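Welcome! Open the model in your viewer, keep the selection tool handy, and follow along stop by stop.

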Amino acid sequence: MKRSSAATVPANVLSGSHGPVHATPFRHQSYTAAPPCTPHYFMRPRGGPRVGSVEFRRRMQEVGEALAGAHTGVINLVHSSFAALDSLSILTALARRCRTASGAIGRLASQLIDAEAPDAGSYTPAFATAFEMGINSSAAPRTFEADSEASIGRRAGYVDVRLASWSSENHHLGRADAAIRMIDELAALPLDAGERVLFWGHGHAGNVFALMSQLLSADAAALEQFFAAASVYYRWPMARLVDIPVWRRVRQLLVTERGRLNERPCDWVTFGTPLRYGWKLRPGDKLLHFIHHRPADNGPAHLARFPARMDDVLHGTGGDYLQQVAIAGTDTAPAPLVWRSWLANRRLGRLFEPHQEADELSSRLETGARVPDCGTTLLVDYGAEPGRPAEHLAGHAVYTRPEWLLFHAERVVQHLYGGTTARSRAA
């Protein structure tokens, strides 16, 4: 199909004052082989008790007590943008720019298409229920009001676990829109002042969280740049009518009602999040990362090997390959025919990644960088990945397995809340 030209977009919109951004208040992760400047630990966890067993329930109860002791009111489970077919856009972008790996990547893409694993890499309702029941086994039972959402935070010692959803679009606008909507939901939670919200996100959900952290900490100038860049998406440029009101509502919150948001301390936990956007934590916010990783032979323990052998990718033997490759330069932009989204995404890209040229993807990958430059990172060797590529998503699906829930929950309590759980043990 013939490539669409910029003429699809009205000329008066393209002539706005949104030229290349050389200095931006928004942070981005760096890609370097140098030793990380943030705390990071490599571990091989032991097998835990069977999900639902007496030991599992007892240890999950201890996690729940620690969460309640830290004044956690809500846990939001947020899925990634890496469903099996969506991951093909990442692999295609990688193959297009890294010729030495294109053959192996093409074969992997074919296997992902042929296989079927609709729940791979997703937080399911059953997962959320097991999580909530496990950590609340000794707490008071649910007591619903007429509007069940109004009861959140009003049951002493009870921690709600909720599934949150977003568009999963693999581009700047998709992640920015998700950040806006989650900030709106954060402000609406009927929690007491100081009650914590734990965001538990897989894959690019972690980059949605990173944008949230930056917006929650942004000054007036940074907010002006952000909303100006995205304005064509949520407001018609000529009529200036806002047709996506949540954006206007959150702008108002961030500009004039920051106090409401500052009463919501946030704990962020990411699982297999690719290195993209940087973080900016408020006082009291906490951050922890899990990354499936096995060090390359004869190399630094914090680096991943690239290019990987095809057999390693198919079996996830080097860890999480999607976390490794889905970095700057692998987005799938909105179609130019959807010109408002296309243009807003382009402007946000200039704001978020002004110096990350697409043709430099291969050099970024060659650094082997995995560890973010903010927070604490756990580089975890989860062991061999079972099943076909679409079942383990090249090592990216392990984080959502119910059998790892207890391990993750105990590590979260240990690293974010000072080891207040007796059963939190080093792997």
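Which residues are buried in α2? Before you look, note that this is a predicted model, where local features need pLDDT of at least 70, side-chain atom pairs count only at pLDDT 80 or more, and totals for chains, interfaces and linings use all residues. Residues are numbered from 1 along each chain as its sequence is written, and side-chain values use heavy atoms, with hydrogens and water left out.

The buried ones are F56, R59, M60, E62, V63, G64, A66 and L67 (buried means under 20% relative accessible area, with a 1.4 Å probe and protein chains only). They pack against β2 (72–78), α5 (125–135), β4 (196–202) and α16 (405–416) (contact means heavy atoms within 4.5 Å). Just after α2, click H71, which has a positive phi of about 65°.

Next, select β4, residues 196–202. Seven of its seven residues are buried, so β4 is largely enclosed by the rest of the structure. One side carries R196, L198, W200 and H202, and the other V197, F199 and G201. In a regular strand, side chains alternate between the two faces of the sheet.

Finally, show the neighbours of β4. β2 pairs with β4 in the parallel sense over six bridges (strands pair if DSSP finds at least two bridges between them), and T72 stands opposite R196. Strand β5 (residues 266–271) also runs parallel to β4, joined by six bridges; there, V197 stands opposite C266.

Notes
Buried means under 20% relative accessible area, exposed over 50%, partly exposed in between (1.4 Å probe, protein chains only). Helices (H or I, at least four residues) and strands (E, at least two) are DSSP runs, numbered from the N terminus.
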